[in-house]
Amino acid sequence: MSDERYLTFALGKGRLARRTMELFEEIGITCEEMKDKESRKLIFVNEAMKLRFFLAKGPDVPTYVEYGAADIGVVGRDTILEENRNVYEVLDLGYGKCRMCVCGPASARELLQHHERIRVASKYPDIARDYFYNKKHQTVDIIKLNGSVELGPLVELSDVIVDIVETGSTLRENGLEVLEEVCPLSARMIVNPVSMQMENARIQKLVADIRNRLENGW
Ligand code: PRP
């Protein structure tokens with residue numbers, strides 16, 4: 001019955017998707033079609049297992065999952081928090097580890113301590129707003145940027161930024177530093193709430209298999 005239906009996965013394009021497929025291979029889920037670099041196909045299928053995979057821009061993954069266009073998604077926690085979609089987060093996959101931080105020049109530390117009305121540039125305006133307004137109770141002006149956010153304080157667009165820090169080298173090379181940590185991040189698996197009910201056994205087995213593989217040191 002339910003095994004007749006395809007289970008569809010939306011994966012955040014790039015390194016995240018490659019790492020996810022490596023993990024899936026470890027638990028016997030493969031998709032040969034996806035390995036063909038020449039292919040222009042957008043949807044890849046494993047007929048035998050009744051699985052479909054497609055690659056999407058990270059911020060679109062929770063959208064596909066919320067609407068049920070994908071049953072399952074894999075995307076960074078930063079995107080899940082920013083998009084705030086109606087999806088279940090079922091698993092921390094442990095890779096893609098980094099931190100969401102407030103960063104800026106050392107001189108901005110004082111502005112943060114004194115709860116001054118500062119300008120905050122970010123690709124993640126909702127995460128930044130939630131952090132300053134709800135956690136710190138500090139009124140700030142949020143400026144949305146789409147990338148190279150570190151430029152903000154360098155060209156005096158903003159006092160600080162809220163951005164992802166992985167190795168910290170972008171900050172170091174630009175004379176900026178971590179001033180406060182907002183939250184830890186990593187890749188997460190999300191599930192459509194209706195799929196979770198309709199395909200419960202298959203999804204629970206998948207989650208259990210992955211969790212088991214992760215616990216055994218993948
Ligand atoms: C991300 C992030 C930082 C950088 C952090 O940017 O926004 O700029 O990586 O990594 P690091 O701590 O290892 O230096 P990304 O490369 O995704 O590009 P973007 O700035 O255009 O968003």
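Predicted model: local features only at pLDDT ≥ 70, side-chain atom pairs only at ≥ 80, totals over all residues.
Biologist: How many nonpolar, polar and charged residues does the shell around the ligand have?

Modeller: Two nonpolar, six polar and four charged. Ala, Val, Leu, Ile, Met, Phe, Trp, Tyr, Cys and Pro count as nonpolar, Asp, Glu, Lys and Arg as charged, and the others, Gly among them, as polar. Numbering starts from 1 along each chain as its sequence is written, and side-chain values use heavy atoms, leaving out hydrogens and water.

Biologist: Which element supplies the largest share of that shell?

Modeller: Strand 9, with three residues. Helices (H or I, at least four residues) and strands (E, at least two) are DSSP runs, numbered from the N terminus.

Biologist: And how do I read a pair of aromatic rings?

Modeller: You describe it by the distance of the centres and the angle of the planes. Rings of Phe, Tyr and Trp (its six-membered ring) pair if their centres lie within 6.5 Å; planes under 30 degrees apart are stacked, over 60 edge-to-face, the rest tilted. Here there are six such pairs. Phe-9 and Phe-24 sit edge-to-face, 5.4 Å centre to centre with 65 degrees between the planes. Phe-9 and Phe-53 are stacked, at 5.0 Å and 20 degrees. Phe-9 is in strand 1 and Phe-53 in strand 3 (residues 51-56), so this pair ties together parts 44 residues apart in sequence.
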